[in-house]
Amino acid sequence: MEIRVLRYFLAIAREGSITNASNYLHVTQPTLSRQIKDLEDELGQKLFTRGSHNMTLTKEGFIFRKRAEEIIAMVDKTEEEFQAMETDISGDIYIGGGETQAIRLLASVIKDLNNDYPDIRYHLYSGNFDDVTERLDRGLLDFGVIVQPADLSKYDCLHLPSSDRWGVVMRKDSPLAKKKYIKKEDLLNLPLICSRQAISNKKENNEYLAWFGDDFEKLNIVSTFNLVYNAALLVEAGVGYAVTIDEIANISEGSQLTFSPLKPALNSGLDVIWKKYQVFSQASELFLERMSQAFDE
């Protein structure tokens, strides 16, 4: 299985036909058709359903596309790292993270490093803990920014000098919107929208679950989320109240939403993580060094 053929497959999947992919790749249509047929024979699976003017992915094709995208991303990342060795310090740094104000801290490091090494490029990927760690484990990310609670036993980490404050995002016309703080008792009989990461981590040091205590099992959790933007849309629609971190959902004057912190206060630590025994590129080594200087004091 050749990398070139994987690129052909992805182009056809994206363009929707042999004709369009041929024009994009500057490769003849018979060549593309033959290569994809050979690929299907090699895999023993049909990857496309062929129409008179289009090609659509089969169920097996969708699965193979995800794998092909990961392989191509890894190949491109490896090539970029080795090409960067031949020039002044340059290259690409891949950072994943959830929605958190901690990105502001990393932005200051990026700006500082960019002043000294303008040829380094940065790629940000948004996702929850599972999304980020999966890509870290596959080598598609160099660093992840994680909001606690999370199991970091597989990773090295750098604690950030900041924390995220938990509270409730609700509609401004909600009865709770008049409260300066939200207590546990206020939430027991309400439809709640909760962080999937926070409630799925059952470890004893999960401060989120500990805040609710024995009453956690009594909560009426109508939905879970991994990104706050989507949870905010549910809140706007009147589905429920989102228990989430501050400064992420839009609660500006023109918004329908507002935020009130929990009482007693609940704050989550923030970490930058990377794989143990990770071999970094020059660019990533410099980034880690600058983060350590800025935060590990």
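Ten aromatic pairs turn up when the whole structure is searched, a pair being two rings of Phe, Tyr or Trp (its six-membered ring) with centres within 6.5 Å; planes under 30 degrees apart count as stacked, over 60 as edge-to-face and the rest as tilted. One of them joins Phe9 and Phe48, whose ring centres are 5.4 Å apart with planes at 55°, so this pair is tilted. It bridges distant stretches of the chain, with Phe9 in helix H1 (residues 3-15) and Phe48 in strand E1 (residues 48-50), 39 residues apart. Helices (H or I, at least four residues) and strands (E, at least two) are DSSP runs, numbered from the N terminus. Phe9 is buried at a relative accessible area of 0%, and Phe48 likewise counts as buried at 0%; buried here means under 20% relative accessible area, exposed over 50% and partly exposed in between (1.4 Å probe, protein chains only).

The model is a predicted one, so local features need pLDDT of at least 70 and side-chain atom pairs count only at pLDDT 80 or more, while totals for chains, interfaces and linings use all residues. Residues are numbered from 1 along each chain as its sequence is written, and side-chain values use heavy atoms, with hydrogens and water left out.

Phe143 and Phe287 are both buried. They also make a tilted pair, at 5.4 Å centre to centre and 55° between the planes. Since Phe143 belongs to strand E5 (residues 143-147) and Phe287 to helix H11 (residues 282-295), the pair ties together parts 144 residues apart in sequence.

Leaving aside residues up to four places away in sequence, Met291 touches Leu106, Val109, Phe143, Leu158, Val272 and Asp296 (contact means heavy atoms within 4.5 Å).

The charged end of Arg14 sits over the Tyr24 ring, 4.7 Å from its centre, the criterion being NZ of Lys or CZ of Arg within 6 Å of the ring centre and within 35 degrees of the ring normal. Arg135 lies over the face of Tyr125, 4.3 Å from the ring centre.
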